[in-house]
Amino acid sequence: MVETEDFSISLGEGEAMEPMMQIPSELPALPLRDIVIYPFMIVPLFVSRDKSIKAVEEALKDNRMIVLVSQKDVNMDDPGQEDLYQTGTVAIIMRMLKLPDGRIRVLIQGLSRTRIESVNSSGDHVRAVIDPVSEPLAPENSLEVEALVRNVRGAMERAASMGKNISPEVLAIIANLDDAGRLADLSASNLELKVEDAQSILDIAEPVARLRRVNELLSKELEVLAVQQEINTQARADIDRSQREYFLRQQLKAIQAELGEGNELYEEIEQYRERITKAEMPKNAEEEALRQLKKLERMHPDTAETATLRNWLDIMVDLPWSKQSKDNLDLKKAQIILDEDHYGLERVKERIIESLAVRKLTPKPKGSILCLVGPPGVGKTSLGRSIARALGRKFVRLSLGGLHDEAEIRGHRRTYVGAMPGRIIQGIQQAGTNNPLIILDEIDKVGADFRGDPSSALLEVLDPEQNSTFRDNYLNITFDLSNVMFMTTANVLDTIQPALRDRMEIIRLSGYTEEEKLEIAKRHLIPKQIEENGLAKADVKFDRRALAKTITEYTSEAGLRQLEREIGKMCRKVARKKAEQGKRFKPVKIAVENLKAFLRIPKIFVEEALKTDQIGTVTGLAWTAVGGDILFIEAIKTKGKGRLVLTGQLGEVMQESAQAAFSYAKARSGELGIDAELFDNFDIHIHLPEGAIPKDGPSAGITMATALVSVMAQRPVRKDVAMTGEITLRGNVLPIGGVKEKLLAARRAKIKTVILPEPNRRDLEDMPSEVLRDLKFVFVENVLEVFETALRKPKRSTATAAAK
């Protein structure tokens, strides 16, 4: 290894070099790192590589001449010919000193440029076959040479004045040096050039071209020095300003100390300044916080605005501008957590795992906002909590039910008394990280009045393209919400603003089957209630048949809340018994036989299929907010003038369905085996029991048509058939929604056959296997197929009587 000291000694015109010696064609070679030696330079070198030391010793034995050639790669310890530049410098060793650490120090002087013909590094030292280069003289009285010499001299003086480390002695030599080649080499040796640039000068033998190249590098160096000087000036100005502010603060502190006031405020200001720095805010937020802090510093501590400004600063420094929790993207672990917390809901879990997979592959995905829609108690909010646990994120729940004020989302302006940020910013502050999972509960119950429309404010929050620059009115600064994972829940979609609904991916959570409720009760509800009521696991045992009876006769819901309350009621009675009996207490088994002692009489009358086939009575299927139910539709004919009478608190859509069914039956009376005169001489009365409950929707169309045709044609309706579907005037059957809830209701009522519209066949793909196993499905496209399946053939005597 060859090292150089921090200076070089170059010969000027007044310093004579040893008489020119005859240069052999082969010499020992000394590879150099990070330096290029020019002719006439005197440079001290430290030599540490074994081969390099041997080369120096070999040169000293012979004529003291050695070839200095620079390496292309400074990290190469044993360079070959391809690792060395093709042009080097023949030098003479003036002095040599051995150091205690094994290195040697040599003082060398460059003699002449030389071409490296070949290099032999196989021996104990490197040898090179060389071809010395004779440098031509620069043309005399050349204007170009004169101009270049002046430019280089002036540039070197400017570089020294701008801070370049060039000694006055070198500048003096340059000022008196007229030889273009010597001037080029001397200038290049004092510019601290990169090895590549320095070597490019060594490669040029022609003095004018060499001086031109040095002039180019000098111009570039002057530009760099100008920029460096500008940076230093700016840094110095910043330091001066900081020192000035420091001295002024110290003076202000002394004045306040003399007045006996201000110490607490000063300490508070300093604490705020330190907290602002630690908060790692974005640049615009930090600038605004410091500006408001200076404003607070000039205020009197007792003014009302001081308290407002303090509150604002407290929120600004508490917000997690740069603090994030690390996502757990282990898909298997996430699946285990979701399965632990929730039974069933396979489609929902699959969609969540897909989101995690995308997040694993894309660090910052712009995915859709999930909206979980379903009846109360099916686990929408708890599912969001499980997702947060699976991801390893903080969980924040914001209830939007009954929200009317837009400021609850965007925040109040600081001009109001009692102003505060919106719920989104408060939730992030509460979470302590800028990437929590925020679930917006009951988004379908957001209102709107003269105070604004919160749904419109949520458009910005839930849009991945916009929420990176969400502006809260209280902060008056943008906050990046793109790291937050938003989810929403709703019971129905009808009341959600269409533009807001468009920003969300809808995932429906239907009601649970009896088997699913039984499994959830065993896995989650019973252990939870046993623990909450202070019981041990062995204190109470639930019989499976007793749980099934509790589900069917004491609860009527799509979710699980009422079931949990009933289980809690039984556990409380066991807890009372245990508390009263003490050590005499024996474990209790809750079975069908003693269920009444715990829950008293059943609360729910379970609608079951009809016992016999009846004329004019049809079993329909209905969707409700708490699941599905069966609905009996009754029809009779009475003497009259052909009017259609509807009772049972029917909505407009259901009334229109009944009118369409009536018109269809009247138009197709001959095809249906109905005497056309009956429609003129009899009134048709269609009634839906439980008149106190409003009913509406198009899906009862085929049910009312079947009841009407049954009573007019005197054809009994099969007792084990239930149906749902919309009818048109042409008799076509249109698809409907809520299929799962309706099929669960049919199964619960022990219906055997269900008639569904043909387009709803695809809905059975997501249906539980037990539902598909217990029900028979008939898919229809026309109402005539419904009549064929649901209506019995009329008896001959009955048909004759009906015709008369």
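A word on the source. This is a predicted model, where local features need pLDDT of at least 70 and side-chain atom pairs count only at pLDDT 80 or more, while totals for chains, interfaces and linings use all residues. Residues are numbered from 1 along each chain as its sequence is written, and side-chain values use heavy atoms, with hydrogens and water left out.

Helix pair first. Helices (H or I, at least four residues) and strands (E, at least two) are DSSP runs, numbered from the N terminus. Find α17, residues 514–532, and α18, residues 544–553. They pack at an angle of about 115°, with axes 10 Å apart. Axes here are lines fitted to C-alpha atoms, for helices over the stretch in contact, and angles run from 0 to 180 degrees between N-to-C directions. So α17 and α18 are roughly perpendicular. The cut-offs: under 35 degrees is roughly parallel, over 145 roughly antiparallel, 65 to 115 roughly perpendicular, and the rest oblique.

Which residues of α17 and α18 make the contact? From α17, they are E514, K517, L518, A521, K522 and I526. From α18, they are R544, L547, A548, I551 and T552. Contact means heavy atoms within 4.5 Å.

Next, A180. Look in helix α4, residues 180–189. Is A180 buried or exposed? Its relative accessibility is 2%, so A180 counts as buried. Buried means under 20% relative accessible area, exposed means over 50%, and partly exposed is in between (1.4 Å probe, protein chains only). Leaving aside neighbours within four places in sequence, A180 touches A138, V145, P207 and L211. V145 is 35 residues away along the chain, yet the C-alpha atoms of A180 and V145 are separated by 7.1 Å.

Now helix α5, residues 195–202. Its buried residues are V195, A198, Q199, I201 and L202. Seen down the axis, they fall within an arc of 155°, so they line one face of α5. The arc is that of the directions from the helix axis to the C-beta atoms.

Last, two loop residues. Most residues other than glycine have a negative phi. R64 is not a glycine, but has a positive phi of about 65°. R64 sits in the loop between α1 (50–61) and β5 (65–70), and is partly exposed at 34%. N476 is not a glycine either, and has a positive phi of about 60°. N476 lies in the loop between β12 (470–472) and β13 (477–479), and is partly exposed at 46%.
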